[in-house]
2 protein chains.
Amino acid sequence: MTERVARAALSRLSEPGDTRLSTLVGTLGAAKVYALLRDEEDVAGVSTDVATRLRGLDPERELEAAGARGIRFICPGDAEWPGWLSDLDHAEPLQGRGGAPLGLWARGPLSLAEVCRSSAAVVGSRSATTYGTAVAADIAAYLANSGVGVVSGAAFGIDQAAHRGALATKGQTVAVLACGVDRPYPAAHKNLLDYIVDVGLVVSELPPGCSPTRLRFLSRNRVIAALTQGTVIVEAAVRSGALNTAGWALRLNRQVMGVPGPVTSAPSEGVHHLIRTRDASLVTRGEDVLELLSPVGSFLTPDARGPDRPRDALTEREQRVLDAVPLFRGASPGSIARTAGLAVPDVREVLTRMRGKSLVEGADDLWRLAGQ
Amino acid sequence: MTERVARAALSRLSEPGDTRLSTLVGTLGAAKVYALLRDEEDVAGVSTDVATRLRGLDPERELEAAGARGIRFICPGDAEWPGWLSDLDHAEPLQGRGGAPLGLWARGPLSLAEVCRSSAAVVGSRSATTYGTAVAADIAAYLANSGVGVVSGAAFGIDQAAHRGALATKGQTVAVLACGVDRPYPAAHKNLLDYIVDVGLVVSELPPGCSPTRLRFLSRNRVIAALTQGTVIVEAAVRSGALNTAGWALRLNRQVMGVPGPVTSAPSEGVHHLIRTRDASLVTRGEDVLELLSPVGSFLTPDARGPDRPRDALTEREQRVLDAVPLFRGASPGSIARTAGLAVPDVREVLTRMRGKSLVEGADDLWRLAGQ
C-alpha cells in the first residue's frame, strides 16, 4: 500500500489534530502505521473497533470515487503540498489539537502550494458588524489584487466577507472547512462555496461526507494559520474562535495582525486584547498587512499623511515668523521678532509677504494669525 | 536677587522651550544669568534689546501683582515643584524646543507636585468625534476616581472632554496652557477654565498676559508629557499636535498609550500609527491605563470575558462528548464515541444527561447539537 493511500485511509479513521497519530506517522510512515493498526492483536479488547473499521475501509476505491467527483487528496510528496505545514509538527498542541495534517482533501482548480506560498488568513467573528465586514472585504481585495492568496473558513461574517473581497478582484482564495469538502457548511454559503470550487480552492482534513464538530473547528483553525504567512483578525469577541486561529499563528511564528475598532464595540474586544498584549500588530488596511508579510525592506507602507497646508510651502524663516505670531490679539513686529529670534526688519518683510498669502492679518504694528 | 525672582524675570524675557537659556540657567543659576544678560556690553549691537528689556522689568513687583490676583510662580526648590520635570534637561529637543521650564505660573488650590505625582495626560484632537470625546471623558473619570490626576491642554475636543470627565467625579485635573494663566484660551472655555481655577490647577510657563503662538503650543506639549507618568492619546489625525505630546512622552520614557477607533475614521489615524509602530500601547479603558501606570504587578486589569456559557459548567468528559457531536445531521453514539475517544456506554449516558440540559438533541441512534 502506498503512503498516499495509507494517509487517505488514516484520515478517514482518525480525528484531525490527533498528535498521537501524526507523531506515529512521522516516525514510522503511514503505510506501516496502517498495517500495524489493521493487524493488531486485540489484547485488551479495545482495539477491535479500530482494526475492524480499518479492515472495512477500501481507501483506493474511496480515492477513485472522490476523484470522479472532482475531489483530490493532497499529501506530502505532492507538488502542491505546502511543505511548511510540517511546522505544525514542531509546535506545542493548543487545546489538545496539533500536528501536521495527514493530507488535505481538495476541490478547485488552484494549486494549494502555489496559492499559499504568498497568502494571508483573514478571519474573524461570525457575528460581525457592517464595519467589520466592510474592512475585511477591503483588506482581502487589496491582498488578492496584490497577488496574496486569501485563506479563510467560509463562516458567516468576517470569513465570508474575506472570500468575497478576494473574489471581487478575481483574486485567489482558499476556504478551509471543518467538514468534508462536499458538504456546504454553513448551508447558506452553498453558492459561495460552489463559486470557490469553480475558481479557487476548498480544502479540508476531513474526508468527503464528514460533518463538522466543535473539535473539528479547532483543528481546522490550525490549518488556516499554518497554510499562511500571517493571520489578520478583523473582529473577534472575547471568546471568538478566531482567537484560536491567532493562537496558532503565534505558535507557528506567523504574523498575527489585528484590525482595531471602536472600544465600545464588543466584536472588537478580542482584537484589542491581542494588540494590547502585543501578540498582534495593529493593521488598518491591506498595505499594512502586505508590509508585515513582505521581506523586511521590500514593501514599506507610505505613512498616511494629512492634506498639504499652506505652511508646508514656506521657507524655514517664514515658518519661524509664523510660529511666533499670536493666535489672537495682535503683536508688534518687535515682539514677534523677539519670539522668533530674528531681526525686526526681516520680520516686517516676511509678515507683509505672508499677508499676501492670507496666512497673517494686520498692519504696521499689530499682527495676528489669519482666520482664527 | 533670589533665584525665584530671577527665574520669574527670565520667564518673561525668553520663549518657553529655549534650550540655550535652560542650559545656561542649569549651569550658572538663574540669578547669575540674569545679571550677565542685564549687564552685558553691547558689542555687536544685537544684545541691546535683551539688556534694555531686562532693565525695564521689575520681577519682584510682577510676582507681587500676580500674587494679588491669585497667581503664584512655582519653581525648583518649592515644595510643589515636580522634580521630575528636570527629565526634560536630559532629553533630546523635539522640533527645536526642549529643556525644563524655568518655572510654572499657576492658579488654583491644588499642589502641582501632589496632583502630578500620580497623573496621566489625556490629550487628542481638537476636531474630535462624539465617540472620541465620550471615551476620553470615561477614561479621565475612571482615572480621576482612582486618584490619578488628569492633565490636559484645555483645547476643544478631547482635551476639554478629559477635564470634564475628571471634574465630573470630583477628581483632580490640571490644565496646562500655551498662554498666560489669566488668559482664557480658547475663549469658549472661559467657564471651564474658571472652574478648574476654583477646584484644580491651571498652569503655564508663560507669565500672565502672554498670548498663545504655535511655538508655545509645541513648548506646552512637552510640559504636559513631562508632568505625568503617561500620555493617553484618544484621537489624533495624522498631523495632530497630540502626536507632538506623544513624541515628548516617548523621549521622556513615559508611557504612551493610544485609544483605537474605526480604521475608517480620520481622527483615529494618528493613534493607529503610534500603535502600529509600537510607540504606543493600545488601551481601551481606564483600567488599562492604570495597569500601565502602576508598578509592575500592583494593578492587573482583569481580562474582559464573554458571558458564561452552558458548556463552561460541564465536566471534561461531557465537553469531550459535546465537542464530538455533529452540528447538523445526527451521528450514532458509536461514531461520537470514536471521535471523542470514549467508550460507547459512557457516551450514551453523557448524551442522555446533556439532552436534559438542552445541549444536544436526538434519541437512541442519531444525535446532534441542539439549536443549530
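**Figure 1. Surroundings of A:Q95 in the predicted model.** A:Q95 counts as partly exposed because 15 C-beta neighbours lie inside 10 Å, a number between the limit for exposed residues (12 or fewer) and that for buried ones (20 or more). The model shown here and in the other views is predicted. A:Q95 sits in the loop that runs between β1 (72-74) and β2 (104-107) of chain A. Its phi is positive, about 50°, although A:Q95 is not a glycine. For chain A the average pLDDT is 91, and 96% of the residues score at least 70.

**Figure 2. The loop with B:Q95 in chain B.** B:Q95 is placed between β1 and β2 (104-107) of chain B, in the loop. A positive phi near 50° is found at B:Q95, a residue other than glycine. Is B:Q95 buried or partly exposed? With 15 other C-beta atoms within 10 Å, B:Q95 is partly exposed. The predictor gives the complex an ipTM of 0.83 and a pTM of 0.86.

**Figure 3. The open sheet of chain B.** Nine strands of chain B make up an open sheet with mixed pairing. The strand order is β1-β2-β6-β5-β4-β3-β7-β8-β9. At the edges are β1 (72-74) and β9 (281-282) of chain B, each of which pairs on one side only. Strands of a sheet pair through backbone hydrogen bonds, either parallel or antiparallel.

**Figure 4. Pairing of β4 with β5 in chain B.** Strand β4 (residues 149-152) and strand β5 (residues 173-177) of chain B run parallel. How many bridges join strand β4 to strand β5 of chain B? Three bridges join these two strands. For B:S152, the bridge partner in β5(B) is B:A175. In the strand order of the chain B sheet, β5 stands between β6 and β4.

Figure 5. The peptide bond from A:Y185 to A:P186 is cis. Its omega is near -5°. Where does A:P186 lie in chain A? A:P186 belongs to the loop between β5 (173-177) and α9 (190-199) of chain A.

Figure 6. In chain B, the bond joining B:Y185 and B:P186 is a cis peptide bond, with omega about -5°. B:P186 is located in the loop between β5 and α9 (190-199) of chain B.

Technical notes. Residues are numbered from 1 along each chain as its sequence is written. Chains are lettered from A and ligands numbered from 1 in the order in which they are written. This is a predicted model: local features need pLDDT of at least 70, side-chain atom pairs count only at pLDDT 80 or more; totals for chains, interfaces and linings use all residues. pLDDT is the predictor's confidence in each residue, from 0 to 100. Two strands pair if DSSP finds at least two bridges between them. Helices (H or I, at least four residues) and strands (E, at least two) are DSSP runs, numbered from the N terminus.
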